[in-house]
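Subject: Structure for you to look at

Hello,

Here is the structure for you to open. My notes on it follow below.

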Amino acid sequence: MAEECSHECGSCGVSGCGERTAAGPTKLETNKRSNVKHVIGVVSGKGGVGKSLVTSLLASEMNKRGNKVGILDADITGPSIPKTFGITNPLTADADGILPGQTQTGIKVMSTNLMLPKGDLPVAWRGPVVSNAIRQFWSETNWGDIDYLFVDMPPGTSDVLLTVFQSLPVDGIVTVSAPQELVAMIVGKAVNLAHDMDVEVLGLVENMAYFKCDDCGKKHHIFGEPQGAEVAERYNIPAYTTLPVDPKFARLCDEGKVEDYDVEGKLDVIIDKIVEAGEKQDEKAAE
């Protein structure tokens, strides 16, 4: 059954529509108190692989490099970013827009969980409402000066990814996987969607790749042999790294202290690709 036309051509990706009155999707503008230089999406294509945790670590590492960082939690119905960073204060607003929450080190966060009276209340919204919420998070938030805004995507390749790719000026995406062939296949779906929409894939993080024994230092591949290098080669992803199963990491997330976690340089190759993509965009803008 064909989708009913909303006559909002600027945010519609349907080609060949006889009702179209505009050229197609246009990028949304931020408000007058926002200057977001670069937008990076974090995509999993499948739930349960630790995408939000990778988003948190990327933001923390980029912040440690001296950049001004924000996180737009686009996982509207399953937001976990505020818990990971220990943000509990509700959002406020002024005449210009919404004031985002802030972590202990100054990372700005916009999430539905900061709008709820209780963190465990469900957000039972249909697709169009979710997409509109993301647009509002982008255009009605007083982000201030942001060097890198990370967008934590929900699993899958449906409404939210299309909204973000079409409406936000995305520099590129980082995709997250786990060491299982099924996950690798589903990661491919997200990567191929990005390619179809001319969004650059910057890197692959294979999460839960191994467990390192505290006593002997040996790495145990609990979920099977890592496949990230093969997946990165298969889909022509330029940067690849692995993260371990680490009980300390899980504990710090539960305590809202993810910024205290030391990734020991494991994300440097991904961070470097993100910076490189940002520099390319800056050069294009200067031309």
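Lys-266 is partly exposed, with a relative accessible area of 22%; buried means under 20% relative accessible area, exposed over 50%, and partly exposed in between (1.4 Å probe, protein chains only). Lys-266 forms a salt bridge with Glu-264, and their closest N and O atoms are 3.0 Å apart. A salt bridge here is a side-chain nitrogen of Lys or Arg within 4 Å of a carboxyl oxygen of Asp or Glu. Glu-264 itself is exposed, at 61%.

This is a predicted model, in which local features need pLDDT of at least 70 and side-chain atom pairs count only at pLDDT 80 or more, while totals for chains, interfaces and linings use all residues. Residues are numbered from 1 along each chain as its sequence is written, and side-chain values use heavy atoms, with hydrogens and water left out.

The structure holds 13 salt bridges. One of them joins Asp-94 to Arg-33, with the closest N and O atoms 2.5 Å apart. This pair links distant parts of the chain: Asp-94 is in strand E3 (residues 92-94) and Arg-33 in the segment before strand E1 (34-43), 61 residues away. Helices (H or I, at least four residues) and strands (E, at least two) are DSSP runs, numbered from the N terminus. Both partners are partly exposed, Asp-94 at 33% and Arg-33 at 34%.

Another salt bridge is between the side chains of Lys-273 and Glu-276, at 3.7 Å from N to O. Why are Lys-273 and Glu-276 separated by about one helical turn? Because they are 3 residues apart in helix H8. Lys-273 counts as partly exposed at 24%, and so does Glu-276 at 32%. Elsewhere, salt bridges that share partners join Lys-32, Arg-33, Asp-94 and Asp-96 into one network.

Helix H8 (residues 268-286) also contains Glu-279, which is partly exposed at 45%.

Pro-100 is in the loop between strand E4 (97-99) and strand E5 (101-102). Is Pro-100 buried or exposed? At 14% relative accessibility, Pro-100 counts as buried. Leaving aside residues up to four places away in sequence, Pro-100 touches Leu-91, Lys-108, Val-109, Thr-141, Asn-142 and Trp-143, where contact means heavy atoms within 4.5 Å. Pro-90 is 10 residues from Pro-100 in sequence and 9.2 Å from Pro-100 in space, C-alpha to C-alpha.

Regards
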